[in-house]
Amino acid sequence: MANILIVEDDKDLNNAYSIILSSQDHTVESAFDGQEALDKLKTFKPDLILLDLLMPIMGGLEFLQHFDLKTHPAVKVLIFTNMENSPEVAESYKLGAHRCIIKSWTAPHNLARVINEALESNSVQAAV
Amino acid sequence: MAINKDTAIVQAEEQRAQAEALFNSIGEGAIATDEFGRITRINPIALSILGYKESELLGEWFPKKIVALNEQDVAINLIDRPITKAFLSGRSVTEKVFYRKRDGQKLPVMLTVSPILLADRPIGAIEVFRDITLEEEIDRMKSEFISLASHQLRTPLSAIKTYSHMLVDGYMGDVTTAQKKSLRTIIGATNRMNELISTLLNITRIESGTIVINARMLRIDRAAEEVIKELNLAASEKNITLSLTQSGKLATSVKTDNLILKEIISNLISNAIKYTTEGGAVDVIVRGRNKDVLVTVADNGWGIPKDAHDQVFSKFFRAQNTVKRETTGTGLGLYLVKGLLERLNGNIWFESEEGKGTTFFFTLPKEQRLRNN
């Protein structure tokens, strides 16, 4: 299965996503802000990053500015936020985010499905 | 005769002085023009707002001297200027525009311009306007506050919903049927709270013009499918059959905003579920057409009384036959749906008969350009 990095400052939610995705046989690493995520990326090579936008120390947008997706075309970033239709979400798309999911609307089984769809689109691109 | 003439002159002078005093004491900027739009009078507040001296404006052609701009910083054409519209229509015109001050600064103003009519012919106009910079700043702060408050409210809700789902789905071990039922009640309540927060947030953004559109090509039937998956639980609790059909052979793809589209579909389906009796049916049909995609949400529920049809999309409106039976509605859902569809260049309408059911129709154009403000 895939390597997934969860970047979410809320410990309860980070833990929940970790349980859900691990149960689907993904290899999961957790970071609690953008800076910690950048540090993890030195050793962990994810296929997908689940990224919150509002976080202390370094938020999601600043993380995307540092982790240039153009130089990591195989990595899909799913924005996981509660700020729908906001300028921040628009900016994340400009920075290469694959899709935005609203946390409070998304049940675990739907999260797992969206992640699998994103990973499948990865493999299609790789095959092309 | 001489006395009468003198009296008439005195009276005219008195009236002129009164008009002058009245004009100068208006608490907002005021500019008077003749029938050609040349400035004949300007009060001190208007001079202060625009940064001009009286001598620089008197006798000048108003539309040329005071440049009006739109939201995109483009000068408004003469034919579209409020004063022109007032002259042409013979009626008062109220609009928000931006004026260019003497120092070049752009200033938002709310204005009302009225033609002065003599025997139905305009002989001049009076424009009253006020600087709304502060009002706009307060609006922006209000939107930011609601946005932040909504985000803060949603974070704990996300945890409650996620863990409740995890318990139901058995991530933490087996749960009894009774426990599952209680957990579903918690999930249902968090969903309602989420809907309310979304509605308030989106209404604030629509009304303040700050809603952001992230347009991309997407299939409406797929968006509808995702919404239905989220709402299946609510439907099954009332034993309501929820179906999705893709009708016709034409594509259902449009360039639009995924989240806003799902908000629209979700509101319509939630309403249909809410206002349909147990055991009923809600059918969603997505049909690709030549120039647009038509979505139909049909229920066999309580229907909307005929005398309420005109008010269905009004803010806070709830039909009498629903208020008595269903207390959780806010009367904001359809107002929001209409506002969101207008933002996406779509249309909405409905057919309904009390006791038989309601069908909502909406369309989104296949080719369009969506711009953020």
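Let me start with the contact between two helices of chain B, α8 and α9, in this predicted model. On the α8(B) side, the residues taking part are B:I220, B:A223, B:A224, B:E226, B:V227, B:I228, B:L231, B:A234 and B:A235. On the α9(B) side, they meet B:N258, B:L261, B:K262, B:I265, B:S266, B:I269, B:S270 and B:I273. By type, the residues of this contact are twelve nonpolar, three polar and two charged.

Now the geometry. Helix α8(B) covers residues 220-237 and helix α9(B) covers residues 258-274. Their axes are 9 Å apart, and the helices pack at an angle of about 40 degrees. Angles under 35 degrees would count as roughly parallel, and 65 to 115 as roughly perpendicular. The two helices are therefore oblique to each other. The crossing of α8(B) and α9(B) is right-handed.

Next, the sheet in chain B. What is the order of its strands? The order is β8-β10-β11-β13-β12, in an open sheet of five strands with mixed pairing. Strands β8(B), residues 241-247, and β12(B), residues 347-353, stand at the edges. Each of these two has a single partner strand, so one side of each is left without a neighbour in the sheet. From one strand to the next, the twist averages 15 degrees.

A word on how strands are held together. Strands of a sheet pair through backbone hydrogen bonds, either parallel or antiparallel.

Look at β11(B), residues 292-299, which runs antiparallel to β13(B), residues 357-365, with eight bridges joining them.

How many residues lie between β10(B) and β11(B) in their hairpin? There are three.

Last, the contact between the chains. Chain A puts in 26 residues and chain B puts in 24. On the chain A side, the elements giving two or more residues are α1 (11-22), α4 (87-94), β5 (99-102) and α5 (108-127). Which of them gives the most? That is α1(A), with five residues. The chain A side divides into 15 nonpolar, seven polar and four charged residues.

Note on methods
Residues numbered from 1 in each chain as written. Chains lettered and ligands numbered in written order. Predicted model: local features only at pLDDT ≥ 70, side-chain atom pairs only at ≥ 80, totals over all residues. Axes fitted to C-alpha atoms, helices over the stretch in contact; angles between N-to-C directions. Helix = DSSP H or I, 4+ residues; strand = E, 2+ residues; numbered from the N terminus. Parallel < 35°, antiparallel > 145°, perpendicular 65-115°, else oblique. Left-handed = near helix turned anticlockwise from the far one by under 90°. Contact = placed C-beta atoms within 7 Å. Nonpolar A, V, L, I, M, F, W, Y, C, P; charged D, E, K, R; others polar. Pairing = 2+ DSSP bridges.
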